Amino acid sequence: MKRRNFIGLAGMGAAGALLQGFPVLGRTIEEAEFLVQRADAAAKKRMADIALQAARSKGATYTDVRIGRYLNQAVITRDNRVQNVANTESYGIGIRVIANGSWGFAATEKLDNDSIAKTAALAVAIAKGNSKLIIESVQLAPQKGLGEVSWKTPIEKNGFEIPVKEKVDLLLSVNDAALKGGANFINASIFMINEQKYFASSDGSYIDQDVHRIWPSFTVTKTDKASGKFQTRDALSAPMGMGYEYMYAGPEHKVNNGPLTLYKGRYDMLEDVKAATQHVHEKITARSVEPGKYDLVLDPTHLGLTIHEATGHPTELDRVLGYEANYAGTSFLTLDKWKSKNFNYGSKLVNVQADKLQPGSLGAVGYDDEGVPSGQWDIIKDGILVNYQTIRDQAHILGLKASQGCCYADSWDSVQFQRMPNVSLMPNKNKRSVQDIIKSVKKGIYIVGRGSYSIDQQRYNFQFGGQLFYEIKDGQIVGMLNDVAYQSNTQEFWNSMTDIADQSDYRLFGTFNDGKGQPSQSSAVSHGSSTAKFEGVNVINTGRKIG
Amino acid sequence: MAILSKDDTQAILKKVLSFAKADETEVSLGGSQSGNIRTARNAVSTAGEVSNLSLGVSSSFGKRTGNASINEFDDASLEKVVRRAEELARLAPENPEYMPLLGPSNFAESIGYNEKTAAMTPDTRAEMVAKSLKVAKDNKLEAAGFLQNSAGFRAVMNSKGLFAYNKSTDVAFSVTVRNQEGTGSGYVDHSYNDVGKLDTLALTKIAANKATSSVGAKAIEPGRYTVILEPLAASDMLGGIIRGFDLRTADEGRSFMSKKGGGTRLGEQLFDEKVNIWSDPLNPELPGSTWSGDGMPVGKTTWVENGVVKNLAVSRYWAQKKGVQPLSGPGGGRFGGGGMIMAGGTASIEEMIKNTEKGILVTRFWYIRMVDQQTLVQTGLTRDGTFFIENGQIKFPIKNFRFNESPIIMLNNVEELGKPVRSGSSILPPMKIRDFTFTSLSDAI
């Protein structure tokens, strides 16, 4: 029997939008309880061994055990008040087995020896039941036992050790700056996650990991009574695989490519909200875009989401094979295109790497949720599709001798499956600045920040908005535009990429809540890039009138 | 057993309240049991069982509130969770929008619990899914689907004597059927309170038929077309609008319900006069809770009558500030009241096609995202069966489109409404809409 405890963060009004998908699973706990000593690895090894032994005795040919303690903290404010401080914890064990050639999974929050053994037996029984409705047996890529190993996100300041008051004071000062600057409303929040994960498998691995993530965010709103219009601007932060040090930015963490300051590796929330307050004023009166073809200059705060949707998702092997057909969709990057070794995904400048090791990224771990060490590999090389993202039961399909380590579960009571690693666009190897790229554009739009996004179920046709749209005329930024969205086809779009800035502009974008699977699971992943130029992209005007 | 009876629930909550020392205390108890089975490539991929039972305590001293929860139910644990909520309340900042708890009320008995749905087992789920897979295999097609059932209860009691209890069941089945070449795709998705109404075999046949009849889709020019939206497509488009029926965001000037120059559109003709929308927790097809999370009774509420906005939801805090009566919103999350119900006519989809000169039949939409909060313009794509209609007949399947359209504009362009059916958490008719805006073509199947 699986057991799951949901703590709803109800009554949050507009801030609810910020919380969509935030994994607030678990019981609420006091702040001090976050700091309780972690259960020691030896105790977890004893529990894992009970599960491994029980599953084997019931007929499992492979077993893995995940003992997880998941801590979340959300500090949520609106205008001059705190809406919620939620501390949650979820702790339990998930056991996955292969029996009769089929997967089975069961989980429990009861960690006594008897409950663990019973749960292992249940997983085997479910596997045997499922085996009547399978067509072929699970084929698992080999993974050598690693013995007892550990990994930790290299944080400088544990966000859970920073007093809530300090976070509340920061958010209220952010809100105060927006309201003093003439904004009508602001919602600001900080979310933090700590996954304390222990993995053991019948291959002989015992892996202890401590993973941290943080996401500061806000939305500033300006209304204009006379016209009945309103505009918003979201924070230009990125969720990161970091500790609270992310909140302290020095001059070396700031990038100024033209009309505004952007952030690299650290974030200055107070400075960004002051800029955002200016921006919502400008957005209210900005000119509505003339639809047509434009050259687009896309900042990493925006381009990351395009990479996520149009490169990350279609190269997930489970989609390619049809395992997500009823929910997330399939993929246009079918195996024949990969086998041909000449499928022209993008221009020669398009080089995309998967990377599970990248420091500060949301996807960085030492080992995935089936005990495979993290690595790095090419997905698109000089514009050609060369690889996908795999887990252990898929590697053989690509003729690989080992998994690429892309297995993840969002909780101890969710079954692990293939999830996206960090997928990033490589910067220009030659020196190239954003200013020079903008200078090269005659008629274009410089887009910053993530906006609305939509893509079809095979990842051909997409439409993206943004937070800020700057018109470029004859190499100069001349003002702000409204009602901008661009529509393209994935292959066409990446083939229209004619320029990209160098490493000095390279920054990480992140998404905290990537949904996939039924029942749906959430995962967090980063996408790095430098600012890039795309020529002749179709821009539409999204403005309409109602009533 | 995670589904506790009204009497057992009342006894536990009374005991919890007996430990309370705060000015005001609200305790809630909720639990559910659910199971699922997932298929892909004509085989089972995963299956699972989930159950939960959790007690929440909310303690307030003045305007300071603390919340805590626990899933252990011995006396010591019950007292511990109350003390923890009280400690957190003392440390919490004052909430200027705090509203005192409500006293007792007579809530209508909910009708949402079905014994047969609650009694489903892994075996019954596997049998139902096996029937679905057989349709695909027999027709040399490929199915990927998901079946999930749940039974749950929730209750709230407070130190002012309020007690409310509700239990419910639900079962949902969806399946995508594709041909082996990947050139045709069909889909169905239905939810019921009573599993007796779920026929996985018949539903999979509909998806299979869409898969085979959508092969060979032709490209036609994007532009404005008359569309017939099946109820699933209609609910994809309209699912989000009801959340905008909220007085506070309208008053604050950041909603499509806000008016130029200030004020709201309450009382205005915002939609075509054929549009009538309400919610009703006692509708047998879409039963909901008869009380809201903050203890207000929830009954049948009219939101739109003959195209005129009749009501906007109002929180207790905003109602007090504005001197109006509070009103719970329809369905979802913290609201009780069941989902959105829209009136229709008697016509079937086939009859609606017959009297259409030129148009497009849409099975469903996909990946809908808000483009403009001001006008509710959304973008998304058609999927799993899009067909061209001419002179009262389906002529041929067409390639999928991306649209950019506002549900507000759409509900001003209503030509005809058919017979309503439940789709997800709404009951909606199939609808014929003129001038629906498709902006580009997609190669996706």
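This is a short exchange on how terms are applied to a predicted model.

Trainee: What makes the size of chain B agree with a compact globule?

Mentor: Set the value against the rule. The rule is 2.2 Å times the number of residues to the power 0.38. For 445 residues a compact globule would come near 22 Å, and chain B has 24 Å, so the two agree. The C-alpha atoms of chain B fill a box of roughly 70 × 60 × 35 Å along the principal axes.

Trainee: How many of the residues of chain B count as buried, and by what test?

Mentor: The test is 20 or more other C-beta atoms within 10 Å of the residue's own. In chain B, 55% of the 445 residues count as buried.

Trainee: What do the contacts of chain B join?

Mentor: A contact needs C-beta atoms within 7 Å. Take those in chain B between residues at least 6 apart in sequence: 72% join residues at least 24 apart. Chain B has 10 helices and 19 strands.

Trainee: Which stretches of chain A make up its domains?

Mentor: Domain 1 covers 13–245 + 258–284, and domain 2 covers 287–541. These bounds come from an automatic or database domain assignment. The C-alpha centres of the two domains of chain A lie 22 Å apart. Their contact takes 54 residues from domain 1 and 48 residues from domain 2.

Trainee: Which element gives the most to the domain 1 side of that contact?

Mentor: Strand 8 of chain A, with six residues. Other elements supply at least two residues each, including strand 3 (62–78), strand 4 (81–99) and helix 5 (269–285) of chain A. By class, this side of domain 1 divides into 28 nonpolar, 16 polar and 10 charged residues.

Trainee: Why are strands 14 and 15 of chain A called paired?

Mentor: Pairing requires at least two bridges. Strand 14 (residues 352–355) and strand 15 (residues 376–381) of chain A have four bridges, in the antiparallel sense, so they pair. A:V352 stands opposite A:I380 in strand 15.

Conventions:
Residues numbered from 1 in each chain as written. Chains lettered and ligands numbered in written order. Predicted model: local features only at pLDDT ≥ 70, side-chain atom pairs only at ≥ 80, totals over all residues. Buried ≥ 20, exposed ≤ 12 C-beta atoms within 10 Å, placed from the backbone. Contact = placed C-beta atoms within 7 Å. Nonpolar A, V, L, I, M, F, W, Y, C, P; charged D, E, K, R; others polar.
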